[in-house]
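Subject: Structure handover

Hello,

Here is the structure for you to take over. My notes on it follow below.

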Amino acid sequence: MRVLIATNELQSTADGDYSFTVEGELVTPIVAQCHTPDDCGCSRGFPGLASSRATTTAMVVDRPFITLDDLRDVVRDSLERDGWLDLLGPDAAEIDEIIDEHVEAIDEICRTFTVGTIVERHGTLVRSRSYRTAA
Ligand SMILES: [Zn+2]
């Protein structure tokens, strides 16, 4: 299936770029932003589902060996590791709803952009980033 991964491609081509993720790890566009998201940069980051760090550049890739259940498991593990499931409590339906939100957002981005597209995030807006060219 198509998923989003952390990439260092096109890093440093935008002001305030950062990448603390592991190259190639799965990322999500869903973030719990702080009260000063533009200052700290969390409004632009894609959290890594393995490292719990973030990057401002992600890439749409096709990973046929990753199933929807795999992606859901990875999102769940990330939420659990970062303490979000403790905050939610034992309501399985609520947890599934949050996992759905992550998976649906990843899917929407991956259906919007072609494989290989590098994307950046500004709040809830995700757009493609490209190499600058000159004639
Ligand atoms: Zn923040």
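I start with Ala-105, which is part of helix α4. Please keep in mind that this is a predicted model. With a relative accessible area of 17%, Ala-105 is buried, since the cut-off for that word is under 20%. Apart from neighbours within four places in sequence, Ala-105 is in contact with Pro-29 and Ile-30. Thr-124 is 19 residues away from Ala-105 in sequence, and the two C-alpha atoms are 9.8 Å apart.

**Helix α4**

The helix that holds Ala-105 runs over residues 92-112, which is 21 residues. From first C-alpha to last, α4 reaches 30 Å, close to the 30 Å expected at 1.5 Å a residue. Ala-105 is one of a set of buried residues in α4, the others being Ile-95, Ile-99, His-102, Val-103, Ile-106, Ile-109 and Cys-110. Looking down the axis of α4, these buried residues fall within an arc of 150°, so they line one face of the helix.

Which elements cover the buried residues of α4? The cover includes the strands β1 (2-6), β4 (58-62), β5 (118-122) and β6 (125-129), together with the helices α2 (68-81) and α3 (84-88). The other side of α4 has Ala-93, Glu-97, Glu-104, Arg-111 and Thr-112 exposed. At the start of the helix, the backbone nitrogen of Ala-93 has a side-chain oxygen of Asp-91 within 3.1 Å.

**Asp-17 and its loop**

Asp-17 sits in the loop between β1 and α1. Is this residue buried or exposed? Its relative accessibility is 17%, so Asp-17 counts as buried. The side chain of Asp-17 makes a polar contact of 2.8 Å with the side chain of Arg-129. A polar atom of the Asp-17 side chain also lies 3.3 Å from the backbone nitrogen of Thr-13. Beyond four places in sequence, the contacts of Asp-17 are Leu-10, Gln-11, Ser-12, Arg-44, Thr-56 and Arg-129.

**Backbone angles to check**

Most residues other than glycine have a negative phi. Ser-12, which lies in the loop between β1 and α1 (37-40), has a positive phi of about 70°. Ser-12 is exposed, with a relative accessible area of 63%. Ser-52 also has a positive phi, near 65°. Ser-52 belongs to the loop between β2 (46-47) and β3 (54-55), and at 32% relative accessible area it is partly exposed.

**Chain and record**

UniProt, in an unreviewed entry, lists residues 1-130 as "domain: DUF7715". Over residues 1-130 the chain is 34% helix and 18% strand, with its end C-alpha atoms 23 Å apart.

Regards

Notes: Residues numbered from 1 in each chain as written. Predicted model: local features only at pLDDT ≥ 70, side-chain atom pairs only at ≥ 80, totals over all residues. Heavy atoms only, no water. Helix = DSSP H or I, 4+ residues; strand = E, 2+ residues; numbered from the N terminus. Expected span 1.5 Å × (residues − 1). Buried < 20%, exposed > 50% of the residue type's maximum accessible area, 1.4 Å probe, protein only. Arc of directions from axis to C-beta. Contact = heavy atoms within 4.5 Å. Polar contact = N/O pair within 3.5 Å; in protein donor to acceptor, adjacent residues only side chain to side chain. UniProt positions renumbered as here; feature names shortened; annotations may be inferred.
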